[in-house]
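Hi everyone, thanks for coming. Let me put the model up on the screen, and then I'll walk you through a few places in it.

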Amino acid sequence: MAIALLSLVGTLLAFYLLAASLGWTPPPPCGSGECATVQSSEYATIGPVPVPAIGVAGYLALLVLALLGLGEGLAGSRAVALLIFAGALLGVLFSAYLTYLEAVVIGAWCRYCVASAIVMAAIFGCAWPESRRLRGARSAEAR
């Protein structure tokens, strides 16, 4: 349930950044940060794809998987647990890379990007116990 809730928050946050990057909304107010600098940098897109669009897709995938895992039929599914863990791992690694770019390469911080990285780290933290359960199930099968 926690992963589903955090994924929903991440989806909304990433969609807000996507809407701003596409000009659908005014630029986000950033207060003490430098969101405009980050969002107008060369690292704001990967090819033609805005980075927030990747965030929306990743968070939505985690949300769907988390909701599937809450259903009766797939509640104990190792496949769903594995996909959630793998998605959370990819998400936290990508977030770490983006945070590195902000800190070292761009030299500016976007508070919404940092918030997204924190949400993804929390999702990974919630998914971590599943990795232990998956390893335990695998070693039990080997016996």
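A quick word on the ground rules. This is a predicted model, where local features need pLDDT of at least 70 and side-chain atom pairs count only at pLDDT 80 or more, while totals for chains, interfaces and linings use all residues. Residues are numbered from 1 along each chain as its sequence is written, and side-chain values use heavy atoms, with hydrogens and water left out.

So, the pocket. By that I mean an open set of points on a 1 Å grid over the protein atoms alone, where a 1.4 Å probe fits, with protein on both sides within 12 Å along at least five of seven lines; a lining residue has an atom within 4 Å of a point. The largest pocket holds about 590 Å³ of space, the volume being what probe spheres set on the points fill, with points joined across faces, edges and corners. Its lining has 30 residues, and Val51, Gly55, Phe94, Leu98 and Ser116 are the closest to its centre. Which helix gives the largest share of that lining? That is H4, with 10 residues; helices here are DSSP runs of H or I, at least four residues, numbered from the N terminus. By class, the lining has 19 nonpolar, 10 polar and 1 charged residues. Nonpolar covers Ala, Val, Leu, Ile, Met, Phe, Trp, Tyr, Cys and Pro, charged covers Asp, Glu, Lys and Arg, and the others, Gly among them, are polar.

Now helix H3. The end C-alpha atoms of H3 are 29 Å apart, which agrees with the 28 Å that its 20 residues should span at 1.5 Å a residue, taking 1.5 Å times one less than the number of residues. The buried residues of H3 include Val51, Gly55, Val56 and Tyr59; buried is under 20% relative accessible area, exposed over 50%, and partly exposed in between, with a 1.4 Å probe and protein chains only.

On to Phe15, in helix H1. Is Phe15 buried or partly exposed? Phe15 counts as partly exposed because its relative accessible area is 43%. Beyond neighbours within four places in sequence, Phe15 is in contact (heavy atoms within 4.5 Å) with Trp24 and Val56.

Cys35 sits in helix H2 and is buried, at 2% relative accessibility. Its C-alpha is 7.6 Å from that of Ala108, 73 residues away along the chain.

Last, Ser95 in helix H4 is buried at 11%.

Key
Helices (H or I, at least four residues) and strands (E, at least two) are DSSP runs, numbered from the N terminus.
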